[in-house]
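My notes follow in the order I took them.

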Amino acid sequence: MYCHVCGTKSSPGDSICRKCRTKLKDQGSTEEQIWAETAVGLESGAGNAVNQLSRQHPSAPKQSNTAQGRAFTWIIPLLLAAVMGALLTYYYKQEMGINAEVKSLHQQAEQAALKGKYNEALQLLDTALVKRPNYNALVQDRQITAKAFNLMNQLSEASTSLKTGKLSAGDKTLQAVAKVLNEREEPVFTKVRATLNNRKVTLAVLKVKKEIDSLTTVEALAEKLDNVSKLKGKEVETVKKQIVDKLAGISYKQAEQQVKKKDFTAALQTVDQGLSYAPEDGKLTAYRERVLSEKKAFEKAEAERIQLAEQQAAEEDLKNRTAAVSIVNVEATLDMYGDLYISGSIVNNATRPISSVTVMVDIYGTDGTYLGQTYVDVYPSWLDVGEEGFFETYYYGVYQEAEVSVVNATWYLE
């Protein structure tokens, strides 16, 4: 029996010698798997070759010469062995070339898939499968790559939905993809996972952008800014700027209203809160200086006003205590009994009500002689600001015409 590969003599019943069998085993996993499907082809090819050769070289007719018969007996097997060896060697080299090509295509497809180039990977795998349709590793890898390719297409659809404002549809698609990825651990899906995470960030950002218009307080915007700051990506930076700009604008308007109410302390707090989120906002920074300037001017004016008020209050108090009562008129009439009837009125010139007003009246004769003095109570006893009070009394035993004058008055400030 001769080896189908190298043509050397092998053990009886073995189509391949021990040396060639060892060489085939050393080829590697890919060659072993591929050769598993081609072994039958090799053997059948060898059989066909033998049959063809047998038909091409029919048995020689019996020769009467014994030497010639012996020669043919040795030559024919040798020729058959040589032809079979040549055919098997050619077939082996051809198959080895196909195996190497399939292995290369397989490796290229793997690299493309790991980079997320799923369409390219599928094309390479399809080319390899044409050459080795029953190679299980190729079949399985194509199935996995196709799954990744389909998931990536779904993420593209989700991206389109998000860009057109269909957040609910996009969210639903992302959840479906995430569910599938939870059951996959192959490295081929790494690119899909990264894309999914990016789409999730996009969805979160778009949801926040949709809510920004309805937020009207610094606190609400600050909360959204804190949530968005935990995300990463270019879209995140864009929406963060939008939130910060709106937050700064609200702080500015709120501070303006507080300044109009002269609540400068609150206005400064509002501006500082806005600057804590938007430290580079030039409008807020400039307005803070304006608030400080107006606060300083207001405090100065307020100090002057207080000083003036205190001065006015002191003057007012002095007036209330020393000039609250002014005499409107005072008269004296001598009656038939020689008594002097004295009457008159006063006005409350104070800034506060007064009560228990008493006036002191001096009495002089027509020749200037001092005749005496009397005290008279004013009624009503309680006089409001600007109210007039009256007094009257008798001074007995004058017996002559006389002149009277109010020389003093006392009162209580209410």
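Which residue in strand 2 is the bridge partner of Asn-329? I found Ser-345 there. I note at the outset that this is a predicted model.

**Entry 1: the sheet**

I traced the strands around that bridge next. Strand 1 and strand 2, the latter covering residues 340-348, pair in the antiparallel sense over 9 bridges. They belong to an open sheet of 3 strands, in the order 1-2-6, with antiparallel pairing. Strand 1 (325-334) and strand 6 (388-395) are the edge strands. Each has a single partner strand, so one side of each has no neighbour in the sheet. I read an average twist of 15 degrees from one strand to the next. A reminder to myself: strands of a sheet pair through backbone hydrogen bonds, either parallel or antiparallel.

**Entry 2: the whole chain**

I then stepped back for the totals. The protein chain holds 11 helices and 7 strands. Of its 414 residues, 34% are buried. I also checked contacts between residues at least 6 apart in sequence: 61% of them join residues at least 24 apart.

**Entry 3: helix 7**

Does the length of helix 7 agree or disagree with 1.5 Å a residue? It agrees, because its 23 residues should span 33 Å and the end C-alpha atoms are 33 Å apart. I listed the buried residues of helix 7, among them Val-192, Leu-196, Val-201, Leu-203 and Ile-212. Their cover includes helix 4, helix 5, helix 6 (167-181), helix 8 and helix 9.

Is Thr-195 buried or exposed? Its relative accessible area is 12%, so Thr-195 is buried, the cut-off being under 20%. Leaving aside neighbours within four places in sequence, I found Thr-195 in contact with Met-152 and Leu-155.

**Entry 4: helix 9**

Helix 9 runs over residues 234-260 and has 27 residues. From first C-alpha to last it reaches 40 Å, close to the 39 Å expected. I noted its buried residues, including Val-236, Ile-243, Leu-247, Tyr-252 and Val-259.

What do the buried residues of helix 9 pack against? I found helix 7 (190-212), helix 8 (218-228), helix 10 (264-277) and helix 11 (282-322). Just after helix 9, I stopped at Lys-262, which takes a positive phi of about 65 degrees.

**Entry 5: Lys-296**

I moved on to helix 11, where Lys-296 sits. Lys-296 counts as exposed because its relative accessibility is 64%, and exposed means over 50%. I also looked at Lys-296 and Phe-264, which are 32 residues apart along the chain. Their C-alpha atoms are separated by 9.4 Å.

**Entry 6: a pocket**

How much space lies in the second largest pocket? I get about 190 Å³. The lining of this pocket has 13 residues. Nearest its centre lie Glu-110, Ala-113, Asp-141, Thr-145 and Val-188. The elements giving two or more residues to the lining are helix 3 (66-114), helix 4 (118-131) and helix 5 (136-163). Which helix gives the most to the lining? Helix 3 does, with 5 residues.

Note on methods:
Residues numbered from 1 in each chain as written. Predicted model: local features only at pLDDT ≥ 70, side-chain atom pairs only at ≥ 80, totals over all residues. Heavy atoms only, no water. Pairing = 2+ DSSP bridges. Helix = DSSP H or I, 4+ residues; strand = E, 2+ residues; numbered from the N terminus. Axes fitted to C-alpha atoms, helices over the stretch in contact; angles between N-to-C directions. Expected span 1.5 Å × (residues − 1). Buried < 20%, exposed > 50% of the residue type's maximum accessible area, 1.4 Å probe, protein only. Contact = heavy atoms within 4.5 Å. 1 Å grid on protein atoms, 1.4 Å probe; cavity = no way out; pocket = protein on both sides within 12 Å on 5 of 7 lines; lining within 4 Å. Points joined across faces, edges and corners; volume = space filled by probe spheres on them.
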